[in-house]
Each structure stands twice: as structure tokens, then as C-alpha cells.
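Here's a quick tour of one protein and its charged pairs. Have a look at the model first.

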Amino acid sequence: MSAYVLMVDDHPLYRAALRVAVTKAAPEAEVIEAGSLAEAREAVAARGRPLLALLDLKLPDSEGYAGVVEMRALLDGAPLAVVSGDETPGVAAAVVRLGAAGFIVFQIRGGPLIEKLIVHFLPGAQQHADGS
């Protein structure tokens with residue numbers, strides 16, 4: 001099976017913007033989209049461990065930080081980056097305490113920055129950050 005990045009977000013517009021950033025950051029990786037935790041579980045069950053998972057903090061089938069805890073257990077050690085528009089103080093620190101590799105404040109117009117952050121979280125993909 002090919003290497004893939006799993007994006008879990010219930011908003012199609014945000015998924016589309018993230019897809020562009022992921023494709024630029026890791027052109028060799030397939031991008032798999034899930035609109036809920038249930039769809040994320042199905043994707044991981046069918047495809048195995050992703051290179052990276054990007055998780056929206058607010059999903060219809062998750063409350064609070066439960067999605068972070070569930071995804072960490074599901075990912076078998078793959079890095080998880082939480083992507084959210086929530087800039088409430090303490091949110092980033094909380095998701096990192098729960099095992100996320102990091103937190104990306106998402107804004108659709110922030111493409112180049114988001115790409116660099118995605119590269120940072122992808123194992124072995126740092127060579128793309130310097131253009132090689």
C-alpha cells in the first residue's frame with residue numbers, strides 16, 4: 001500500500017485547502033480524507049498506519065479532546081498534528097500533552113506556512129522543506 005497522509009476534518013472547504021498544502025509538502029504521499037472520526041477509523045483499518053494524520057479538533061462525532069486521545073491510540077505511533085482555527089490559550093499545550101506532535105492554527109490563506117508545518121511533522125520529509 002502506498003504511503004498516505006490522513007486528513008480528518010468535517011468541512012470540505014478546509015479539507016480542500018489542506019489537501020493543497022499536503023500535496024505541496026509531501027508530493028509522493030497519497031492524501032486520504034475523512035469527514036469524521038468514524039471515517040478515520042475506517043481509513044486506518046483499510047490502509048494501515050499513515051505517514052501523518054491531521055485532525056480537526058471539532059468534529060461532529062467527537063467532544064472536547066476525545067478525538068485526540070482516540071486518534072493517538074488508532075495511529076500506532078504515527079505523528080498526529082491537530083489543525084484548528086481555535087486560538088484559545090492553552091489548547092495547543094493541551095493537545096501536545098495528550099500526545100499530538102503539534103498544533104497548527106489553520107487559516108485558509110496561510111498556505112505556505114501550513115505547508116512548512118506539515119513538512120515538519122512528516123517523518124523523513126524534511127528534505128522537501130529546503131526544496132531538494
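Start with Glu70, which is partly exposed at a relative accessible area of 29% (buried is under 20%, exposed over 50%, partly exposed in between, with a 1.4 Å probe and protein chains only). Its partner is Arg41, and the two form a salt bridge with the closest N and O atoms 2.2 Å apart. Here a salt bridge is a side-chain nitrogen of Lys or Arg within 4 Å of a carboxyl oxygen of Asp or Glu. This pair links distant parts of the chain, with Arg41 in helix H2 and Glu70 in helix H3 (residues 66–74), 29 residues apart.

A word on the source: this is a predicted model, where local features need pLDDT of at least 70 and side-chain atom pairs count only at pLDDT 80 or more, while totals for chains, interfaces and linings use all residues. Residues are numbered from 1 along each chain as its sequence is written, and side-chain values use heavy atoms, leaving out hydrogens and water.

The salt bridge count comes to 5, including these:

| Pair | N to O distance |
|---|---|
| Glu33 and Arg15 | 2.9 Å |
| Glu30 and Arg47 | 2.8 Å |
| Arg41 and Glu70 | 2.2 Å |

Arg15 is buried at 15% relative accessible area, whereas Glu33 is partly exposed at 32%. Arg15 and Glu33 also belong to a salt-bridge network with Arg19.

As for the overall layout, the protein has 5 helices and 5 strands (DSSP runs, with at least four residues of H or I for a helix and at least two of E for a strand, numbered from the N terminus). Of its 132 residues, 44% count as buried.
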